[in-house]
Amino acid sequence: MARIDTAKKPKSAAAKQRQARLNEQAREIAERFSAASISPVLLTGSARLVDAAVVIGSGLAAYGTVFGAFRPFGWAYVAAIAVGLMLTLVFAHAADIYHVVAFRSARGQIGRALGAWTLVFAGFSVIGAFFDFGGIVQRNWLGYWFVFGAGGLVVAHGAMSLLVKRWAREGRLGRKAVIVGGGEPAAELIHSLESMPDNDVHICGVFDDRSDDRSPALVAGYPKLGNIAELVEFGRLAHIDLLIVTLPVRAEGRVAEILKTLWVLPVDIRLAAHTDKLRFRPRAHSYLGAIPMVDLAEKPIQNWDFVAKRTFDLIVGTLALILVAPVMIATAIAIKLDSPGPVFFRQKRYGFNNEVIDVYKFRSLRQELADPDAKTVVTKNDPRVTRVGRFIRKTSIDELPQLFNVLKGELSLVGPRPHAVGAHTSDRLWNEVVDGYFARHKVKPGVTGWAQINGWRGEVDTPEKLRKRVDFDLYYIENWSILFDILILLRTPFALAKTDNAY
């Protein structure tokens, strides 16, 4: 993944991005594509998991029907189900069931699924014809298993076909892409993409800084929707998955300039090399169909990594909420007894993809002096902080309600800390202090993070402190793994013991 030096002082990039406003046509198209994409990798993987569940579940149901629910399960039946599962997935794959295009036909889906299932039992018959297993599994169990499994596959694949049809109507299948750079190279790329069989790339439009005489308003039937600065807002509104830059590979300076603006988006960024006729090393490029692409930036934590992280958040977050419930109840009582006002405090903060979310905290300031817009940062011996508030802020107990944000899917257990929308240092918003600041929002923010356990928590009163936070956040994003999350969680209690910067 590409990195930008955050230590450099911004010139006007942040200001330009903040002032960029989409025209009516671009905003209308962005809203049309605003629904989140359904990843083909997750779709086909989920279909395999559903089929595996049907095969195993129908085998167990057949066993309970024949022998009763409480009879111990024999090893022969376990082996038969395992073989049946393997054959089902092999035959289904051979029948092209696990293909996004195939899901759009309910009749074809169900027919192929039943054909694969029938072949499984034909395989059992062939095996039984050549080998005498002495009736180690009863034939009536096989019969029930076939019937139950066929019914389950019909229901499952029929439902998946209906879902895929609906997602296709909503434009959620495949990757939503924007072409960066217009003219003839962009037109050639678009024609190449559209000519590919089973193309899963949906082009939303073209963005280019050049004037209409060098970059026409319409490129291969797609409108030019704005300039590069406006693309950042469009990408966030439309939840774009892929940016394809059509500038020549040799135009390194211009490519670097564009990347510096666009890398804050949580998307894959590719440089089209279809016009350069270059040969690449395996790690330097990828292919979109038959079109060579130079990989400039990768979308972090996607597909099954995203599922793994969300599952981890739900399981560990639920357990953590149960464990700290007594502490949270005691804190709520203490806050009520200490000062008038609500127990909880909600503040607008930046979430994933720069979306604004309400983050929950225990109230630590006096109600009449509350500062939901973070116009004034809390400092040492701040008179606005209550007695209970001073303790819960130093120990970070005030952050515990954010576990509810985790369960809602707005936060992750581990990630860059969510900063208040109006957070500033020396009368400058933080995205003006650090160039590329918004790149930390390419993943969900977290209750704890790599920056926090390395000492960068509490008051941010100098640009250097903010740069350090952002540097640690970007390191986390680029090196994420479940083991990394576990390491950060294990180190968090020890980091919280150091309260020097927590006011």
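Reply: A cavity is a set of points, on a 1 Å grid over the protein atoms alone, where a 1.4 Å probe fits but cannot get out. The model is predicted, so to speak of local features requires pLDDT of at least 70 and of side-chain atom pairs pLDDT 80 or more, while totals for chains, interfaces and linings use all residues. Residues are numbered from 1 along each chain as its sequence is written, and side-chain values use heavy atoms, without hydrogens or water.

Two cavities of 30 Å³ or more are counted. The second largest cavity has a volume of about 30 Å³, a volume being the space filled by probe spheres set on grid points joined across faces, edges and corners. Its lining (residues with an atom within 4 Å of a point) consists of Asp51, Thr88, Ala92, Ile97, Ala113, Ala116, Leu153 and His157. Helix 4 (75-94), helix 5 (106-130) and helix 6 each give two or more residues to this lining; helices are DSSP runs of H or I with at least four residues, strands are runs of E with at least two, and both are numbered from the N terminus. By class, five lining residues of the second largest cavity are nonpolar, two polar and one charged (nonpolar: Ala, Val, Leu, Ile, Met, Phe, Trp, Tyr, Cys, Pro; charged: Asp, Glu, Lys, Arg; polar: the others, Gly among them).

Leu153 and His157, which line the second largest cavity, belong to the buried residues of helix 6 (under 20% relative accessible area with a 1.4 Å probe and protein chains only; over 50% is exposed, in between partly exposed). The buried set of helix 6 also includes Trp141, Trp145, Gly149, Ala150, Met160, Val164 and Trp167. After helix 6 comes Gly171, with a positive phi near 70°.

Helix 6 (139-169) also contributes two or more residues to the lining of the second largest pocket, as do helix 3 (40-67) and helix 10 (304-338). A pocket is an open set with protein on both sides within 12 Å along at least five of seven lines. The second largest pocket has a volume of about 1200 Å³. It is lined by 46 residues, and those closest to its centre are Ala36, Ser37, Leu42, Lys299 and Phe306. This lining comprises 20 nonpolar, 13 polar and 13 charged residues.

Charged side chains also pair elsewhere in the structure, where 12 salt bridges are found (a Lys or Arg side-chain nitrogen within 4 Å of an Asp or Glu carboxyl oxygen). In one of them, Glu233 meets Arg27 at 2.8 Å, N to O. This pair links helix 8 (residues 228-238), which holds Glu233, with helix 2 (residues 24-32), which holds Arg27, across 206 residues. Arg27 is partly exposed at 28% relative accessibility. Another salt bridge joins Lys348 and Asp358, whose closest N and O atoms are 3.0 Å apart. Lys348 lies in strand 9 (residues 344-350) and Asp358 in strand 10 (residues 356-362), 10 residues apart. Both are partly exposed, Lys348 at 43% and Asp358 at 23%. Lys408 and Glu410 form a further salt bridge, with closest N and O atoms 3.5 Å apart. Lys408 is partly exposed at 48%, as is Glu410 at 22%.
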